[in-house]
Amino acid sequence: MLKINRQSLKLDFRELAPEAIPGEATALLDKGGRMIYASAVDMGVQGIQINYYFCFDHQEPYRHTILRAYLDRENPVVQSITPITSQADWSERELIEFLGVRVEGHPNPTHLWLPLNWEDMYLGGRPEADHETERINASPPVKLPKENIVTLPMSAIPYGPYHPAFIESNYLKMSVEDEVVKKADLKLGFNHRSVIKLMERRDYYKDIFLSERICGLCNSHHVLTFVKAVEDLAGVEAPPKAQLARTLLCEMERIQSHLMAIGLIGDLTGFRTMLMHSLRVREDMQDGLEAISGQRVTHGLITIGGIRRDITASQADFVLSKLKAMKKSVPELFDQCLSNDVLVGRLKDVGVLTRENAIKLGAIGPTARASGHRIDVRKNSPYAAYEEVDWDIVSEKSGDSLARLKVKMGEVLMSMHICEQCCDRIKALSGPILAKVKEMPCAEAVAKTEPPRGELLYHVASNGTNTPDFVRIRVPTFLNAHIMLRLIQGGWVGDVPAIIGSIDPCFSCTDRVTIIKKDEQSVVDVRTLGGRRCSTPPG
């Protein structure tokens, strides 16, 4: 009989005075902690609640510490910890943009989502402006931001927001000198969908479908992370057969996502046949996903307490037959790729991330493992049935774009091995597939999983009703894209697509929310809304 132990994260909430956060953060980092996110929630009369998340599960399974402080709602000020760790950089810039928090001492408080000259367009110079009725001033800025990429005395090359090297919408701008990238800056915010705000207004079961639509390639991981947090709140555990089905679904998703990413690296480096070949091999996995879920993209199988439909023995046999075919075609594809001198030459020693920098900058997923930093949520904080199957972390040491490609290839083969074990066990296992949720007490829960691009975090709070009090999401690209800019700087312009492809960023995951007025002509000043949770950062 398969038995799976309870898998909740061990959360240590520490409420501090705002001025104590830098000192406590330094102490946690000195103990080997990873700073993985910072979020904020407008709690009304309590003020703005800010949370800094630190992870220790690479030292002790499931262990996490969250530093919490409350800021004055009318004058929210906190000291930046970005000078202490650059892992806080983008998170604190979120606090600045979407909560109006003044993060003192931040070395680069420019906008990620809003226009770089946002103050000139809307706030700065017009303090008396009527925010409810006036249109945004879209004329060119009176003065350009200092120390910004657009003001550097070098040639600037724009990528995007829609560019052949960017499958998704974002905007990369580089200053170059003799084909060498001197500085790069990334602009997000072209694909906001207000997912988090919508999740706070719908019940838990409707939120499952919303979380599933954050990303097309790792939608099962988004659903699983959300329902894990909700199950922790409700105190329920999915039955063993449902845990095996969840593991199978997530690993099948990893296979198809990595095969897509591997093919795209070929496409971005001029080896388009590699993309076509990869997509052909990937079809077998898509057929398997369709067989067990009925859908090729959003699968709708995972729900709170387990799974919606059982996976039958015949469906498991079908997946096994597809895996058998792939055990021949996948190694053949990888051998062809790695024997291509042009492809290897385009990736080797390009965009090198050393192990020391991977740890220092907070790299996660295949990006970290390609630098020899062996972290993986499936091992560090095991969930679903990962403790019950035989597998190991795939890693490389060189840290270049070629190493990141090889890690993805190794993980495809490892995921196929995990899927075979899950199918065999599902065929032999009977029992329930769904645990009943009886009540939803007032509480908070944090859950993590390991999607194809790395660690995914959901923070869900319950107020005792059927609607979440608040939801916060930190996706893997949020950390890795920050590192991607550092890898681009100092390299050749021609290597930029290869570096981007090797990181495999997902900007649809990263862009999630802004608040637009009904007339679609102005963005709401978050402090003018009033009431609790009037503003929502991207998550």
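**Reading a sheet and a core**

Trainee: Tyr53 stands opposite Ile66 in β4. How many bridges join strand β3 to strand β4?

Mentor: This is a predicted model, in which local features need pLDDT of at least 70, side-chain atom pairs count only at pLDDT 80 or more, and totals for chains, interfaces and linings use all residues. Residues are numbered from 1 along each chain as its sequence is written, and side-chain values use heavy atoms, with hydrogens and water left out. In general, strands of a sheet pair through backbone hydrogen bonds, either parallel or antiparallel. Here β3 (residues 48-55) and β4 (residues 63-71) run antiparallel and are joined by 8 bridges. Strands (E, at least two residues) and helices (H or I, at least four) are DSSP runs, numbered from the N terminus; two strands pair if DSSP finds at least two bridges between them.

Trainee: In what order do the strands of the open sheet lie?

Mentor: The order of the 4 strands is β1-β4-β3-β2, with mixed pairing. Because β1 (10-15) and β2 (34-42) each have a single partner strand, one side of each edge strand lacks a neighbour in the sheet. Helix α1 (residues 21-30) touches β1, β2, β3 and β4 (contact: heavy atoms within 4.5 Å).

Trainee: Which residues touch the most other members of the largest nonpolar core?

Mentor: In soluble globular proteins, nonpolar side chains tend to be buried together. A nonpolar core is a set of buried (under 20% relative accessible area, 1.4 Å probe, protein chains only) Ala, Val, Leu, Ile, Met, Phe, Trp, Tyr and Cys residues joined through side-chain atoms within 4.5 Å. Among its 145 residues, Tyr52, Leu172 and Ile488 touch the most other members. Helix α7 (residues 240-268) gives the most to this core, 11 residues.

Notes:
Buried < 20%, exposed > 50% of the residue type's maximum accessible area, 1.4 Å probe, protein only. Axes fitted to C-alpha atoms, helices over the stretch in contact; angles between N-to-C directions.
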